[in-house]
Amino acid sequence: MAIVQNVATQHSQKCCETLVAAGAIKTLLKLIRSVSRSIPDQEVLKHALSTLRNLARYPDLAQVLIDADGSLELIVSEFLRNKEEGYYIASQLLKKLFLTPKGIQTIRSLPALLKRLHNLVDDLKRRVIMEKRNPRSLPGKDHNERRLKEASELLKLITNS
């Protein structure tokens with residue numbers, strides 16, 4: 001079902017509006033809260049985040065998502081926790097939410113999450129520097145640089161708005 005929603009929401013504002021009117025945001029957030037770190041659950045998480053990302057393309061629906069109880073905290077937490085593809089999907093979703101004044105206002109009212117985001121950027125900077133110093137760096141070097149870029153862009157959106 002999540003795959004069908006992802007494809008439908010990728011192509012149609014009407015589909016997105018219908019899903020939101022039917023309570024999809026609340027359901028998807030509940031689903032995200034319930035998943036474990038197992039591989040199948042991580043696949044479900046990716047699809048749920050993708051569907052939310054597609055919904056957030058539309059400013060009115062992004063507002064509904066931001067207004068959903070605990071939504072921003074949950075999405076930021078998944079961004080901070082996830083090391084795989086979910087990290088990038090959550091990042092894209094957060095960028096869309098942080099383009100709205102309400103999204104910026106909401107994240108700025110969550111100092112603990114902002115601190116964790118700053119700590120993530122600092123940690124990734126250290127890792128990238130260490131990888132550049134080590135001539136025999138391990139695979140994944142580009143992975144940390146890409147993750148750093150995403151996290152830095154989020155911080156820039158938050159601080160420059």
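A nonpolar core is a set of buried Ala, Val, Leu, Ile, Met, Phe, Trp, Tyr and Cys residues joined through side-chain atoms within 4.5 Å; buried means under 20% relative accessible area, exposed over 50%, and partly exposed in between (1.4 Å probe, protein chains only).

The model is predicted: local features need pLDDT of at least 70 and side-chain atom pairs pLDDT 80 or more, while totals for chains, interfaces and linings use all residues. Residues are numbered from 1 along each chain as its sequence is written, and side-chain values use heavy atoms, without hydrogens and water.

**Exercise 1.** Find the residues that touch the most other members of the largest nonpolar core, then trace the contacts of Leu117.

Solution.
1. The largest nonpolar core has 47 residues, of which Leu52, Leu65, Phe79, Leu97, Ile107 and Leu117 touch the most other members.
2. Beyond its neighbours within four places in sequence, Leu117 is in contact (heavy atoms within 4.5 Å) with Phe79, Leu80, Ala151, Leu154, Leu155 and Ile158.

**Exercise 2.** Work out how Lys95, Lys149, Glu150 and Glu153 are linked.

Solution.
1. Apply the salt-bridge rule: a side-chain nitrogen of Lys or Arg within 4 Å of a carboxyl oxygen of Asp or Glu.
2. Lys95 pairs with Glu150, with the closest N and O atoms 2.8 Å apart. Lys95 lies in helix H7 and Glu150 in helix H10 (residues 141-160), so this bridge ties together parts 55 residues apart in sequence.
3. Both Lys95 and Glu150 are buried.
4. Glu153 also bridges to Lys95, at 2.5 Å from N to O.
5. A salt bridge joins Glu153 and Lys149 at 3.4 Å, N to O.
6. Lys149 is exposed at 51% relative accessible area, whereas Glu153 is partly exposed at 27%.
7. Together, the four residues form a network of salt bridges.

Note on methods:
Helix = DSSP H or I, 4+ residues; strand = E, 2+ residues; numbered from the N terminus.
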